[in-house]
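Q: Please take a close look at one helix in this model. What does it pack against, and how?

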Amino acid sequence: MMTLRRLRLLLVHDKALLALIPEALWRLMLVRIQLLFPFARTAPQLGVKSLETPALSKASDIRRIQQITKAIRVMSRYTPWKSTCMVRAVAALKMLEKRGIESTLYMGVARDKQGQMIAHAWLRSGAHYVSGDDAMQGFVVVEKFAKVLQAE
């Protein structure tokens, strides 16, 4: 109940964020389905392999990047399926791509406390981390994809 109240308060105060919520839910679902297939089918859609986009954002894009970050973070908590770090990162990448905003998807590995190999994905757009930044510490980047978009 408390969570729904917080969600409603968040959405009431930011109408632009409210408009992104259905798209975030839709993208999370599509990406979840897409990632059921071999990664080799998804990888070409993620951008240029082993490249990064610039670490600077256009001033005009910053607000939109922040809103997409919030929309993905909020909706990923309420999906009936598990929205993993990879699902969140690719969904956000697609939302940014639709708006002509470049981003870089990082994939990393680390060892957990039991010594088991674990993987994590996170997304950066300009100087802003859109998803996965809460757990990226300690992971070694093993691959990255730059979603480079042509200037209009």
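A: The axes of helix α4 (residues 59-76) and helix α5 (residues 85-98) come within 10 Å and cross at roughly 145 degrees. Axes are lines fitted to C-alpha atoms, for helices over the stretch in contact, with angles from 0 to 180 degrees between N-to-C directions. Helices (H or I, at least four residues) and strands (E, at least two) are DSSP runs, numbered from the N terminus.

This is a predicted model: local features need pLDDT of at least 70, side-chain atom pairs count only at pLDDT 80 or more, and totals for chains, interfaces and linings use all residues. Residues are numbered from 1 along each chain as its sequence is written, and side-chain values use heavy atoms, without hydrogens or water.

In the contact (heavy atoms within 4.5 Å), Ile 65, Ile 68, Ile 72 and Ser 76 of α4 meet Arg 88, Ala 91, Ala 92, Met 95 and Leu 96 of α5. These residues divide into 7 nonpolar, 1 polar and 1 charged. Nonpolar covers Ala, Val, Leu, Ile, Met, Phe, Trp, Tyr, Cys and Pro; charged covers Asp, Glu, Lys and Arg; the others, Gly among them, are polar.

Pairing takes at least two DSSP bridges between two strands. β3 (residues 117-125) and β4 (residues 128-131) pair over 3 bridges.
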